[in-house]
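I want notes on a pocket, a sheet, some hairpins and an aromatic pair.

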Amino acid sequence: MILSSLLTLETAARSAGDRIVIISDTHLLAPELVTPGSAIDRAEASEFKMMALSDEIMGTITDSILALNPKLVLITGDLTNNGERLSHERMVEHLNRMAANGIQPLVIPGNHDCNNPGAVSYNGDNTLPTATVTREEFAQIYRNYGYGKTSRRDPSSLSYCCEPIKGVVMIGIDSNMDELNQLMARGDSVNTYHSGGQIKPETLQWVVEQATQAKSQGKQVIAMMHHHLVPHFERQDQLLGNYIITRHDTVAKQLLEAGVHTIFTGHLHVTDAATQQNAERTDSIVEISTGSAICYPFAMRVATLDRGKKKLDVVTRWLNATQSCPDLRALGRQRIINATPVVASMISGKAWSKLGGHVEQLKKMLAMGGGEVRIPETQQQATQLALRHLREVLSRTMLAIVEGNEGEKDVDSIIEQAKQGIHAMIEEVVPNQADNLWDFFLEAVYPKLEPMMKSVLEDHNAVGTSNETCINDLTLTVTL
């Protein structure tokens, strides 16, 4: 009865073929690491994630997976909140439930999972350091879920290759940089943490060899890793560089040439699909990113494998509730809205890093036009200026992005509301010159922003090029 209220499982998802469930960014926090109090409340106050409910959500997802009875479950990294050993051990308990019912889970680490100096417990009003895991400890903990004797391991990373379904080779690619982290708990002088992604040259060569060998044997290849491989919007590598691997274009080309056409990812907490074509437009690799399991809209993917036609039919399902939280979806959505100031601060921070040192120069230049000039003096003031005029449209944009299929939303309305907000910001800063500066914005600035806005809001990739594409984020068929 509870399953029927939690997750709608369509008949199509039970059709003939081998089913694979994909989830990501479960960010599980072991229950014994949470004692209610202000510490966990503070941690959740500006978060999209439902941290305190993460274990219950994972339990509910496991129930749903058991009902679906797939052959394979893929978890594309960030299994734990911040790499706590107890959280990894708790995750294994959920995976053991799946395995006991004949379902094979496979995992790959995310940037949160190993060597994480942020591993803490929430003890009432305080946080206390707790043990994290090394990379080899991660492999040992998940020895039955990708790192066992039936897998081939890359000597240089936590990448592996296995054949969980006859004729289907899975390649788990380690894209993390946690080897560079420093931990005071292990004797380092400071704590440092790296969230960005890369594939080591020797690992890339190993992955290419595994894919090439599988294809030469007539087998189908599916890959997964944590970070993005294909840009999901224009200038992602400039604006959100930590969410896409370095040298992504070169790596994607090499994987495609080796015969990898489908890769599942996570990390950015968006349910989105993107494609990259070769130069001749005769072949492509599709990246299917799945949003966080503990963030609105609580997505999971169900893929049905047709080995005869060498394709995957992928549909997206949503978790609506847990036993203790019947309004999970509504609360998660509100949390996205509540976190708008944090996102605004991140955006203004990037802008301030480029413009902040020129405030006095800008003041003098604008003062020459006459009238009052009220340019923000600090990043905090810049954030508040943006929130006064752009808060609602920023929330609408974030919801559209995390829900997927952004182009089906009222994009024209969102863009118009954004323009009105920017106009209002100009009027507040330089009221006597607002009309002239607005004309300048429309003529000189907006045309440069438009490709990125179209990419983000209309869900297009490679905007303005011969390779421009738009792919359904939620229901799609991919070739293997």
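Entry 1: I started with the second largest pocket, whose volume comes to about 540 Å³. I am working on a predicted model. I listed the 29 lining residues; the closest to the pocket centre are Pro231, Asp249, Gln276, Gln277 and Ala462.

**Entry 2: sheet.** Next I traced an open sheet of 6 strands. I read its order as β4-β3-β1-β14-β15-β18, and the pairing is mixed. Which strands sit at the edges? I found β4 (104–107) and β18 (475–479), each of which pairs on one side only. From one strand to the next, the twist averages 25°.

I looked at one pairing inside this order. Strand β1 (residues 18–23) and strand β14 (residues 299–306) run antiparallel and are joined by 5 bridges. In this pairing, Ile22 stands opposite Arg301 of β14. I then checked what helix α3 (residues 54–68) touches. Helix α3 packs on the sheet, in contact with β1, β3 (72–75) and β14. The direction of α3 makes about 170° with that of β1.

**Entry 3: hairpins.** The pairing of β7 with β8 is antiparallel, over 2 bridges. These two strands form a hairpin with 6 residues between them. I looked up the bridge partner of Arg153 in β8, and it is Tyr160.

The pairing of β8 with strand β9 (residues 168–173) is also antiparallel, over 4 bridges. Here I found Ile165 opposite Val168 in β9. β8 and β9 form a hairpin too, with 2 residues between them. In that turn I flagged Gly167, which has a positive phi of about 85°.

**Entry 4: aromatic pair.** I counted aromatic pairs and got 5. One of them joins Tyr147 and Tyr160. I logged 4.8 Å centre to centre and 65° between the planes, which is edge-to-face. What does this pair tie together? Tyr147 lies in the loop between α5 (135–141) and β7 (152–153), and Tyr160 lies in strand β8 (residues 160–165), so the pair links parts that are 13 residues apart in sequence.

Terms used:
Residues are numbered from 1 along each chain as its sequence is written. This is a predicted model: local features need pLDDT of at least 70, side-chain atom pairs count only at pLDDT 80 or more; totals for chains, interfaces and linings use all residues. Side-chain values use heavy atoms; hydrogens and water are left out. On a 1 Å grid over the protein atoms alone, a cavity is a set of points where a 1.4 Å probe fits but cannot get out, and a pocket is an open set with protein on both sides within 12 Å along at least five of seven lines; lining residues have an atom within 4 Å of a point. Grid points are joined across faces, edges and corners, and a volume is the space filled by probe spheres set on the points. Two strands pair if DSSP finds at least two bridges between them. Axes are lines fitted to C-alpha atoms, for helices over the stretch in contact, and angles run from 0 to 180 degrees between N-to-C directions. Contact means heavy atoms within 4.5 Å. Rings of Phe, Tyr and Trp (its six-membered ring) pair if their centres lie within 6.5 Å; planes under 30 degrees apart count as stacked, over 60 as edge-to-face and the rest as tilted.
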